[in-house]
Each structure stands twice: as C-alpha cells, then as structure tokens.
Amino acid sequence: MAQNVTQKLIANHLVSGEMEAGTEIALRIDQTLTQDATGTLVMLEFEAMGIPQVKTECSVQYVDHNLIQEDFKNPDDHLFLRSACKKFGLWYSRPGNGVSHPVHMERFGIPGKTLLGSDSHTPAAGSLGMLAIGAGGLEVAMAMAGEPLYTKMPKVWGVKLTGQLPAWVSAKDVILEMLRRHDVNGGVGKIIEYYGPGLANLTAMDRHVIANMGAELGATTTVFPADGAVKAFLETQERGDVWRELLADENAKYDEYEEINLSELEPLIALPSSPGKVVPVREVAGREIYQTYIGSSANPGLRDFAIGALIVDGKQVHDRVSFDINPTSRQILENLISLGLLEKLIRAGARLHQAGCNGCIGMGQAPATGRISLRTVPRNFPGRSGTKEDQVYLCSPETAAASALTGKITDPRTLDMDYPHFQEPKSILINTSMLSPPAEKKEGIALEKGPNIKPLPPFEPLPDNFEGPVLLKVGDDISTDGIMPAGARVLPYRSNIPEISKFVFEPIDENYYQRAMAHQQQGSLVVGGENYGQGSSREHAALAPRYLGLKVVLAKSFARIHWQNLVNFGILPLTFVKLDDWERIDQDDILYLAAIRSAIQKGKRITIRNKTKQEDYEFEHSLSSRQIEMILEGSLINVIRKKQ
C-alpha cells in the first residue's frame, strides 16, 4: 500500500498500537533535544529515575534560552546541565553556541530518525525528513531512559506546494499564509506534510522556517521529504554521509488536503497578539515602529540574515528604530563575518546580540511601551517580549529590514531597489568547537547543584471526592505564556518550583498566587475556552499550578502538549459536553466531583455539581488506561516510582 512520508516514519518506529487516527500509539525515539529553560527539570527527573546513562542514539542539551546572567541562578544552572551531560552521557552545547533547533539541524539531524524535544518548536527538524515532536520534559526524560513516546495517532494533512516564491516573498510568508487560512488551532490533531513541485524551490532551511511555525497552528509536527534539497544542505554541513532519500510513494494518500500556489503569495504579517492574526503587509503599511528584529528559530538560516544585510547595505536605519540582529548559531555568525555580511549590518546601524533565543523568549530586547516591534520570531503572545503593553508583529526578514530603513511598517516591494537574491555558498565555515561530546569516563562524576535548584515537590493521588473553587475563568487560546510567563524575571526559577509558582497566571490575574495559596490544601479548578494551553512545551505551566493546588481544568478544548503535561502531573483535564455550559460557570463557583476515581475508570462521561448555582454539568475525558493510572496516582513520576 502506498505510504506518505509521515506514515513511513511512524511505521518504522511503531512500538505498539495501530496507525488509525485518534488511537494511542507508542513510538521509538532515536534522539532527544533539551534546552536550558526546560532541561533542568528533565535532568532532575532523569536523576530521580535512577538510570545511569541515556539510552537513545543521541541526546543533546542546549543552553540557548537563559543567557542573561544578572545573578547566580542562570550560570549555576548552566554548570548543573554541563555536569548532568557528563554524568548521563549527553552532548552539551555551551552558552553562546546557538539556538537548539538550527544547531541540531546543522550537526545532529538525520533523515528518517525520530526526535523528541522539550521545546514546542522541535518540529523544525521535520525539514530534514525527521519525525520531530515537541513534548513536556517528563516525556523527554522517559525517552532518554529508553521508553517510547505515547501519543494519539494524528491525521496526516497533505499540503501541496506549486509555483515559485516571487521577489520579496520568502518561506516565512508560506507559514503565515497557513496561519491566515487556519488560525492557531487549525493543525490540532494533525501532522502537516508538504509535497508537490513547489518544494523544488525551497531549501532545507526554508523548510525549517515552515516546519518550526507549524507549532503555531497547533500541529503535532510538520514533515518534509528528504530529497535533493536535504542532501545539498547536509553536504554543505559536511555530513552528506547521513543522508538517505525518503519520499512519499506515488499515489500516496492524505487524510486532508490543502494547496498553496507559491507564485500567488505576497508579504504577510501577524498582528498583535496572536500568530493567527495574519494580514498582507500592505494593509498595515505606514504604522510607525520602534524595533525590528531578525533571528530566532523561526528565521534561523544564513540567508535570513544575508537578505537583511543586502537590503540595508550602504544605507542607515531610521534613527528611531532599534535594529536587532540575533545570530542563531556561532557558526552562522562566523559565516556572516567571512562573507562580509555582518559588516553591512553593523554599518547600517544594527545592534548585534549573542547567538541564542534572547528577545524571542523575553530575555532582553524588550520594546518600548505600546510601540510596534517587527520580529521574525515565531510567537507574539501578549507580554512575551518582556513589555506588558507590547505591540509585536511577526514578519519575514525582508519586511523587517525594509521597515528598519523607513521607520514604519513597509511592504518591501515598495523599496526603490531590486530584490537582492542571495545564493547560498556550497562551502561554509563549520564550527563544532562549542559542542562537548559525552564523557568517555563517567564514574565519579557528581551533579553540580547550585542553591536555586530544589527537589521536585510531592504529588498526592487523586482523592475519591473533590470539592473546590473555580479560581480563574479564561477565554479561548490562552497560551502557556499566560499560564506560566517566560522572560528574564521568571525563567531563572525554572529549577525552583515553589519560587516560579509565584508567577502562575500573573499576566491574567496578578492575585492568582495569593488566592491559590489560600486554597492549596483543599485544591482548586480552572475553567478555560478553546485551545487552552497553546504555545510552549514548558511543563512548568502544569507543574507550578499543580504545586498551588490545581486539581482539575475544565475547557472547551486543549492544546496537545499542555494537555499531556497536565496528565503527567496528575491534573485532570476535562472537556465540556455542552459548550454552552461554559457560560454558566463563574469564577469563585464551588464545584463538586463525586466518586471521581471510579468515574474516570468506568467511562468517559463525568457529572460535576455546581454547588453555588445548584446545577449539574456533563464533561468527558479522552484518557487512555495508561493515562488514567497517572491521574489516579497523582503523576507519571509516582507511577514510575511505584513500579521500581
């Protein structure tokens, strides 16, 4: 039977289950990726399992998020991660070496392999013909221990590309077009696979841009074939020996279909404060800006910086504009220097930052209050930039560079110049000096734990009966940044759950922490709308609320990774059977769940009593028997400990 690329990847790694959409499957994981904002917990979780060495083919720990060292917390955690890599057998990418996703693509990505990462943009590696999935840290720790990934078999959404990108239009506009059509929940429960003649005009790094932001559609992952473009990329990286062709069979079928004619695209831009609010740049041209920003995992390639350099070459950016350049890897920075491109950027007025995530995760480069910031980053959730009243727009490097020159949002097609096409060199400088391989001798290596690293809190099993207040009611598309904010003020506490819990829901309700602590022993609930928990794989968005006593989340629907993180830490996720019942529940209502343990074991439907209003509502769960055990025991960690 003819198979598409996704089906081939899954079939080659299927441990258990059937490839039927909606049913649970288990997948063998070849590689793992962790970064420092999530990896500290992963290493603590792996240590708690008592397993001496990782069992994957390749596991890599990157330090790319928490690079600001205003006190001891971040550097202490960097040393902890370095020691954990030596002790447990991981590669270690040092601070300043670059963003995990492009570096992994450059140095470790292999067509046909599976990759599980504790970062929601891990699907970027799908650009190489990999099955790359973002997950919570605990699931990554399990994969490092040799356990399979359990997930629901997604539908495969085939997107046929035809035509060729016009001048001033690039890969970012392709994924923005997908978001314009389908918004931030259009890919939920699906793997997006791109195919068709238009692929011939997209490089491997162009595909990285598209695969990276498939996460913004809510997709499980994005897959491209491993064709000649992938071979050319790996040969440039001096790793051509790992290439293997992986193509869809002729007459392969997809569960859903889409088609994009690349020739018909124009420059697009996402308005504040959602990646799904996409319009043509021409519709908002002329708005005064404060900042433009090129870099991040969503535009990480050499061409993304090169095109910006060629646009501003011989010119000067507007004196009101902060033109921020964030190289995505040390290697790309060296090549920008050797090709004379960095000089063009600097002379035009660019501000150069170290290779890392930086402002994308709110680590510096915050914009002025209420002023427009154009960024090539993947997300523009409210306040994510570090400025509470921010106005972040998402765009291509072409639009960012053009707007830097004029001081206002500018359709790059209106510049008085020809489009400066950039041809990728076939030979580049390769830099592996800041990648430390696993230690050969691991005996006697101790973990270096600074004072900010605290043990994981205990997790109590689910009670038979539960009564508690609805501490918060929120609407649709609440992101993990709204639940557990990132940024320089918060993320240094990533290995200290009691401290980081003080920021839970702060962007939405500054008093949530105090109210939650008052009900910590009793427990509480949260009510959400559609797509609750979209965005980051950050398991702190489940773990910290759990520490504060959150027992149950009631929502119209959940984002995939956050739903699994809730289950991993013993928080029961339930969805409304009648969506109108969402309107009937108010903040501070007291809800009662009777015989809840037996209820979730016996069936999918659960009745909840609103004691404040004397009403009953029906909810349902989609837990497998394995996941029900996690909820009953209080966490996946408790399940593991019980079996040892």
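Which residues does Asn358 touch, not counting residues up to four places away in sequence? In this predicted model, where residues are numbered from 1 along each chain as its sequence is written, local features need pLDDT of at least 70, side-chain atom pairs count only at pLDDT 80 or more, and totals for chains, interfaces and linings use all residues. Side-chain values use heavy atoms, with hydrogens and water left out.

With contact taken as heavy atoms within 4.5 Å, Asn358 touches Asp64, Leu67, Tyr293, Asn326, His353, Met363 and Gln365, not counting residues up to four places away in sequence. Asn358 lies in the loop between strand 17 (351-352) and strand 18 (372-375), where helices (H or I, at least four residues) and strands (E, at least two) are DSSP runs numbered from the N terminus. Residues are called buried under 20% relative accessible area, exposed over 50% and partly exposed in between, with a 1.4 Å probe and protein chains only; Asn358 therefore counts as buried, because its relative accessibility is 6%.

Two further loop residues have a positive phi without being glycine. Ser296, with a phi of about 85 degrees, lies in the loop between strand 15 (289-295) and helix 10, and it counts as buried because its relative accessibility is 2%. Asn251, with a phi near 70 degrees, is found in the loop between helix 8 (228-236) and strand 12 (256-261), and it is exposed because its relative accessible area is 60%. Another backbone feature is the peptide bond from Pro272 to Ser273, which is cis, with omega near -5 degrees; Ser273 has its place in the loop between strand 13 (268-270) and strand 14 (278-280).

Helix 11 (residues 330-338) has Gln331, Ile332, Leu333, Asn335 and Leu336 as its buried residues. The cover over these buried residues includes helix 4 (100-107), helix 10 (302-312), helix 12 (341-347) and strand 17. After helix 11 comes Gly340, whose phi is positive, near 75 degrees.

A closed barrel of seven strands runs in the order 21-22-23-24-27-26-25, with mixed pairing, two strands being paired if DSSP finds at least two bridges between them. Neighbouring strands of this sheet are turned by 40 degrees against each other on average, direction ignored, where axes are lines fitted to C-alpha atoms, for helices over the stretch in contact, and angles run from 0 to 180 degrees between N-to-C directions. Strand 21 (residues 466-473) pairs with strand 22 in the parallel sense over three bridges; in strand 22, the bridge partner of Val470 is Leu525, and that of Leu472 is Val526. Strand 22 also pairs with strand 23 in the parallel sense, over four bridges, and here Leu525 stands opposite Val552 in strand 23. In a regular strand the side chains alternate between the two faces of the sheet. In strand 22, Ser524 and Val526 point one way and Leu525 and Val527 the other way, and all are buried.

A nonpolar core is a set of buried Ala, Val, Leu, Ile, Met, Phe, Trp, Tyr and Cys residues joined through side-chain atoms within 4.5 Å. The largest such core has 123 residues, and those with the most contacts inside it are Tyr512, Tyr532, Leu554 and Ile600. Apart from this core lies another, of 39 residues, among them Ile269, Leu271, Phe305 and Leu341. Not counting residues up to four places away in sequence, Tyr512 touches Leu471, Leu472, Val504, Phe505, Ser524, Val526 and Leu548.

The structure holds 11 aromatic pairs, for which rings of Phe, Tyr and Trp (its six-membered ring) must have centres within 6.5 Å, with planes under 30 degrees apart counted as stacked, over 60 as edge-to-face and the rest as tilted. Tyr532 and Phe558 form an edge-to-face pair, 6.0 Å centre to centre and with 90 degrees between the planes. This pair links distant parts of the chain, 26 residues apart, with Tyr532 in the loop between strand 22 (524-527) and helix 17 (540-547) and Phe558 in the loop between strand 23 (550-555) and helix 18 (560-568). Both Tyr532 and Phe558 are buried. Elsewhere, ring pairs link Tyr195, Tyr254 and Tyr257 into a cluster.
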